[in-house]
Amino acid sequence: MARTATIVRETSESKVELSLNLDGTGKTDIDTSVPFYNHMMTALGKHSLIDLKIKATGDTDIDAHHTVEDIAIVFGEALKQALGDKRGIRRFADATVPLDEALAKAVVDISGRPYCVCTGEPEGFEYCMIGGHFTGSLVRHVMESIAMHAGICLHLYVISGRDPHHIAEAEFKALARALRFAIEPDPRVDGIPSTKGAL
């Protein structure tokens, strides 16, 4: 069965069209209307090996927040839909990713229970404007939105970092690599990897 999903979500604040293939090669076609977010979602697709296509528009004349949030919501929903009953996946994974002076670690459990812990971002990071449109606070908000709507447990730690661009990119790439391994089919797993028999 193909592990794919396509979702269109339209509100008074944004319109998001997103499709993904969990068993892809990391091919991306990203137009979020927020340049730095394009960069982050491209990295997410590339390093997770999830083929990802996003076309989004929104009230970015007011702020990037609504569009960024809605894309994260739709990505989470699509991830959950494409995973189906999660039969045969590895389920747990972690990845530690450097970007120059920045270092981030992501740990994921494709559990069906949404939870998100993001720690370690340096003081003031949330107020930094990255790329002219994207505030540092949006990184945590994106991670929380993905976790809540995908139904996954995500712990994300910034171990070190100085440059806001490097910190954010290390966080997205760490999530990508952890997702890559967690959603992979495990040839030794027969059925759903849970003692409850459901995820």
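This is a predicted model: local features need pLDDT of at least 70, side-chain atom pairs count only at pLDDT 80 or more; totals for chains, interfaces and linings use all residues.
Residues are numbered from 1 along each chain as its sequence is written, and side-chain values use heavy atoms, with hydrogens and water left out.

Let me start with the sheet, where helices (H or I, at least four residues) and strands (E, at least two) are DSSP runs numbered from the N terminus, and two strands pair if DSSP finds at least two bridges between them. Four strands form an open sheet with mixed pairing, in the order β5-β6-β10-β7. Because β5 (92–99) and β7 (115–119) each have a single partner strand, one side of each is left without a neighbour in the sheet. Strands β7 and β10 (residues 153–160) run parallel and are joined by 5 bridges, and Cys116 has Leu154 in β10 as its bridge partner.

Turning to the helices, angles run from 0 to 180 degrees between N-to-C directions, with axes fitted to C-alpha atoms, for helices over the stretch in contact, and contact means heavy atoms within 4.5 Å. Helix α3 (residues 137–150) lies across β7 and β10, at about 160 degrees to β7, whereas helix α4 (residues 164–182) lies across β5, β6 (102–109) and β10, at about 150 degrees to β5.

Finally, Leu18 touches, not counting residues up to four places away in sequence, a set of residues including Ile7, Leu52, Ile54 and Phe75.
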